[in-house]
Amino acid sequence: MKTNHKGLVKVTQETKIVPGADAVQEANAACGTDIVQETVTAWGADTVPGKKTVAKGSTPQRDKVVAVTVTFNRMQTLLKTLAALEAQAYPIQKIIIVDNHSDEANRQQLTALTEGKEHVDVLWMNENLGGAGGFEQGMRYAKEHYDPDWYWIMDDDAYPRRDTLEKLLYYKDLDNLGCLAPLIWGVDWQRYQLYHHKTLRRFYTIDQAKFSGVEEMNAVEEIDADAFVGTLFPAGVVREVGFPEGGLFIYGDDTEYTARIRRKFRIYLIRDAVIEHNDPPIANAVFSPKTYWKLYYTIRNKLLVAKKYNRGIRKTVAVFLLLGHSLWQLAYSLVRRGLGKSRFLRMKYVLKGTIDGLAGKMGKTVEPM
């Protein structure tokens with residue numbers, strides 16, 4: 001093993017995944033929309049995605065895709081994520097796993113899991129940088145070492161179906177493309193997680209689901225922001241807008257990054273490219289007390305983002321709107337039945353998140369539980 005100047009340890013490097021012999025299926029041929037009109041046939045036929053014509057028997061030039069996932073003490077789900085990435089019909093050049101300073105048992109399991117897998121690089125963080133810091137480090141590493149055409153970003157509890165990447169790349173020539181997002185299916189509640197596919201309102205203070213049901217979607221839809229659950233970013237966009245903001249640590253970093261991209265480019269949701277994802281734990285219709293620290297980062301980061309992307313009177317209005325939301329959260333904590341003593345813990349995180357957001361504090365300011 002070799003440690004670089006950032007304290008990251010690489011397990012393996014350089015070798016590409018060898019694609020399987022299965023032909024790529026025809027992707028979304030009957031899309032029912034006028035955004036994309038070309039038809040895709042299997043690899044080795046006369047045409048390939050992007051309307052590029054090749055001679056029979058020749059090997060088409062595939063775009064290089066590097067996948068990045070961030071993990072922290074979740075080997076059970078990471079195993080499934082890695083297996084799903086390795087099973088993609090469209091070959092991935094490299095899989096980068098960013099370990100956010102997991103405990104010794106998980107680190108040993110990850111070392112054993114990736115031993116001999118030359119298509120996988122593991123970056124060992126010296127501290128927990130959160131999802132935001134992990135994705136920033138992973139994408140920087142991918143650019144420096146592999147310079148891919150596409151960055152495929154996902155949590156360690158996200159499981160792309162075999163044809164997910166293939167169906168995303170079918171639409172790689174859409175106009176002013178900023179990123180391609182798959183539709184997210186929640187495996188625990190057995191319904192789509194439409195709240196991840198967002199529209200942004202009121203000066204970046206409110207994000208909400210753009211759709212109430214899949215049946216109202218076209219094959220391709222535009223959205224304002226999305227989650228880091230299988231989002232696919234072209235290299236040119238990453239060069240122009242930079243990497244995710246690691247200082248947000250966790251929660252809202254995906255919204256900030258995709259919204260930053262949306263200011264210059266377009267974000268496309270691809271209905272028929274589906275990725276599966278675990279659902280968050282819920283207790284009494286609110287976050288479980290063990291995850292109240294996430295509420296802190298949600299409140300803090302909303303303030304940080306609103307202050308960053310608004311100026312003058314818009315910034316003032318945005319801050320007041322979010323202060324009103326914090327007051328509502330405090331009142332809710334007081335009157336909500338069933339919270340018991342945990343209501344005071346919840347109030348503590350609401351207050352601290354508001355104060356730190358106003359003060360502009362970034363990084364890991366509250367320890368995950």
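Let's start with the rings. Phe135, Phe228, Phe233 and Tyr257 are linked into a cluster by ring pairs. Keep in mind that this is a predicted model.

How many aromatic pairs are there? The count comes to twelve.

Now charges over rings. I have two to show. Arg346 lies over the face of Tyr292, at 6.0 Å from the ring centre. Lys348 lies over the face of Tyr349, and here the distance to the ring centre is 5.8 Å.

On to salt bridges. Side chains of opposite charge can pair when their charged atoms come close. The whole structure holds 20 salt bridges. I'll walk through a few.

Arg266 and Asp175 form a salt bridge, at 2.9 Å from N to O. What does this pair tie together? Arg266 sits in strand β16, residues 266-277. Asp175 sits in the loop between α4 (164-169) and β10 (177-186). So the pair ties together parts that are 91 residues apart in sequence. Arg266 is partly exposed, at 26% relative accessibility. Asp175 is exposed, at 51%.

Next, Asp99 with Arg107. Their closest N and O atoms are 3.7 Å apart. Asp99 is buried, at 1% relative accessibility. Arg107 is partly exposed, at 23%.

Then Asp356 with Lys361. Here the closest N and O atoms are 3.8 Å apart. Asp356 counts as buried, at 3% relative accessibility. Lys361 is partly exposed, with a relative accessible area of 42%.

Which residues does it join? Arg74, Asp156 and Asp157, through salt bridges that share partners.

Last, confidence. The chain averages a pLDDT of 86. Of the residues, 82% score at least 70. Where does the pLDDT fall below 50? Over residues 1-59. That stretch still has 106 contacts in the model beyond near neighbours in sequence.

To recap: twelve aromatic pairs, 20 salt bridges, and a stretch at residues 1-59 with pLDDT below 50.

Note on methods:
Residues numbered from 1 in each chain as written. Predicted model: local features only at pLDDT ≥ 70, side-chain atom pairs only at ≥ 80, totals over all residues. Heavy atoms only, no water. Phe/Tyr/Trp six-rings, centres within 6.5 Å; stacked < 30°, edge-to-face > 60°. Lys NZ or Arg CZ within 6 Å of the ring centre and 35° of its normal. pLDDT = per-residue confidence, 0-100. Contact = heavy atoms within 4.5 Å. Salt bridge = Lys/Arg side-chain N within 4 Å of Asp/Glu carboxyl O. Buried < 20%, exposed > 50% of the residue type's maximum accessible area, 1.4 Å probe, protein only. Helix = DSSP H or I, 4+ residues; strand = E, 2+ residues; numbered from the N terminus.
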